Number of protein chains: 2
Amino acid sequence: MTGAACVLGVDSGGSGLRAALGSPEGAPCAGPVRSAEPVRTGPRGIDAGHFMDLLLPLARDLLAASGGGRIAAVAVGAAGMATLGEGLRAELPGALGRELGAERVALAADAVTAYAGALGERPGAVVAAGTGLIAVGTDLAAWRRADGWGHLLGDCGSGAWIGRAGLEAAMRAHDGRRGGSPALRDRAEKVFGPAAGLPGQLYPRADRPAVLASFAPEVAACAAGDAVAGGILRDAARHVAEAAAAVCPRDAASEVALTGGLIKLGEPLLGPLRDDLAELLPHARQVPAAGDPLDGALRIAGGLAADRLLLPRDARMLSVHRSEGPSTSA
Amino acid sequence: MTGAACVLGVDSGGSGLRAALGSPEGAPCAGPVRSAEPVRTGPRGIDAGHFMDLLLPLARDLLAASGGGRIAAVAVGAAGMATLGEGLRAELPGALGRELGAERVALAADAVTAYAGALGERPGAVVAAGTGLIAVGTDLAAWRRADGWGHLLGDCGSGAWIGRAGLEAAMRAHDGRRGGSPALRDRAEKVFGPAAGLPGQLYPRADRPAVLASFAPEVAACAAGDAVAGGILRDAARHVAEAAAAVCPRDAASEVALTGGLIKLGEPLLGPLRDDLAELLPHARQVPAAGDPLDGALRIAGGLAADRLLLPRDARMLSVHRSEGPSTSA
């Protein structure tokens, strides 16, 4: 191959695959491009073959758009990498070497690419929150994680958590129980129809957490004028801060950031969150996330290509592989 | 047919069908007998044909055991009667008349038979709580109901609610988040294995509420020595009392009772519940449930046979039907 060296970043999640090319410093230079189809999960976890089928056309488009070049390193962030990533770790380094000539490959939990996108390679804590919620932190020696246990065991403060609490308050108002919110009941009936029919709208669905999370913006919209809705968002902010506090290093240079769709709920969440973070993590500087998980993947790939990756290796959170590309194996 | 008139009570739920014969006064005289198979639910709701297939052998066994007799009335309490009972209301009165000669048939929500079993035909409120939770109350003019919305929208204070809160506290301890309970983490790991594997134990299951509820006795067992577990049971008691308060009539003669498997959690729940009911319903006398939902079905059938049923009729909660039996249609 000809052309300058570049790096490939990939972000794989429930809503599909995104990829971009970056300079060896990890700055974006082509893309992002996306496949709307998510990678399949099978009995062996995330399906490495299907991953390659979705990625290769995107990667070739990116190389064509950037005028060609050598891919020095690839970093993949994937939802489920920690628990369902065994197949990816076994097969992707070889496949990315054979098909794209990549010499080095990093495989990361999506929370790790979210971290790298938000804070780069500085110590601190990042809470990645949308439908679900997970916190990861590092002192650059090891990773810590908190929550991310799903809508029944945790994901406290997430979109699904906020939406569920809002719908419970709606049903309480319908029943005349304490803790009910007529405002949230009215919102719920506008979205889902009569309150008594809500169980029939929710329980048959396979994507219940997403259905619950779809109500979170309604709770935020009621928060200014409704004490129950405002209380739900204050409780959610507390949970977000508690997750950050569980993983943030004591290091005085620590930074803390929130990333993901939950930010869109705005001040009803972010106002109380600033106060809670200041109380629970007085030593950590609150910063906005610099970028998203795909930016984080490019950043990790850039560090890998330059052999100066500071983020700590971890079998499940961030594994680094060397692969023989076709130019050397031929 | 020869022999004295009697009544048939039926209780249909997720764990199968139970039936008993009673005197015209509603006192048990044969049974209970049970079918371990639950009645199927299909696109038209609870399957009336399958219900009859399961009930008829039980009814014939009961008649044989009691030396025969005429069935003057049948009362059926069924889980889902309010929302999935259309087929039963359309077909059961005729089928019970044809097959068993029953002249009168009552079809009740299982919460109504739970009420009649617990309080008979006196005004008040009954909270029926096991894996789920529903409260029904009546002033003998109309029914009120509260909660019963399932494990995501409500069932606040139920076994699933308590177990879920206990497992969240276990995962908080695993993460080092605030609000965690090391005692509940240890219990959860004894029951389900390592904490990090708990999502994999729970989410693939179709009976998630039952899995959650299976942990409620562990929370109760920790309550005396663990502040987090004790707090969960105090919060559950509050939710139970709030549901009762939403449906209890203002009538000074009102009684209030808790019925169902939740009682087995004992004093860690029942102690705080006594205090909360005294605070929220100072006018209502707290009584133990006199009997279970099958006793309630017999009680309703007895009232129907004697034409002195005091409990209010309601299209979904308690409907009463007259059917032509084979002796008069021949």
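Across the interface of chain A and chain B, the rule finds 22 residue pairs in polar contact, both residues at pLDDT 80 or more. A polar contact is a pair of N or O atoms within 3.5 Å; within protein, one must be able to donate a hydrogen and the other to accept it, and residues adjacent in sequence count only if both atoms are side-chain atoms. The model is predicted: local features need pLDDT of at least 70, side-chain atom pairs count only at pLDDT 80 or more, and totals for chains, interfaces and linings use all residues. Residues are numbered from 1 along each chain as its sequence is written, chains are lettered from A and ligands numbered from 1 in the order in which they are written, and side-chain values use heavy atoms, without hydrogens and water.

The rule also finds 4 salt bridges across this interface. A salt bridge puts a side-chain nitrogen of Lys or Arg within 4 Å of a carboxyl oxygen of Asp or Glu. Glu242(B) forms one with Arg172(A). Their closest N and O atoms are 3.0 Å apart.

Which elements of chain A touch chain B? Strand E10 (143-147) and helices H5 (159-175), H7 (198-202), H8 (208-213) and H10 (227-247) of chain A each supply at least two residues. Helices (H or I, at least four residues) and strands (E, at least two) are DSSP runs, numbered from the N terminus. H5(A) gives the most, with 7 residues. By class, this side of chain A has 16 nonpolar, 5 polar and 12 charged residues. Ala, Val, Leu, Ile, Met, Phe, Trp, Tyr, Cys and Pro count as nonpolar, Asp, Glu, Lys and Arg as charged, and the others, Gly among them, as polar.

Now the area. About 3,000 Å² is buried between chain A and chain B. Buried area is the accessible area (1.4 Å probe) that two parts lose on being put together, summed over both. Carbon and sulfur atoms give 61% of it. Trp149(A), Leu152(A) and Leu153(A) supply 29% of the area that chain A buries against chain B, more than any other three residues.

Next, a helix pair within chain B. H4(B) (residues 110-119) and H12(B) (residues 293-305) pack at about 85 degrees, with axes 6 Å apart. Axes are lines fitted to C-alpha atoms, for helices over the stretch in contact, and angles run from 0 to 180 degrees between N-to-C directions. The two helices are therefore roughly perpendicular (65 to 115 degrees).

Last, the backbone. Most residues other than glycine have a negative phi, and most peptide bonds are trans. The bond from Gly31(A) to Pro32(A) is cis, with omega near 5 degrees. Pro32(A) lies in strand E3 (residues 28-35) of chain A. Asp155(B) has a positive phi, near 50 degrees.

Definitions and conventions
Parallel < 35°, antiparallel > 145°, perpendicular 65-115°, else oblique.
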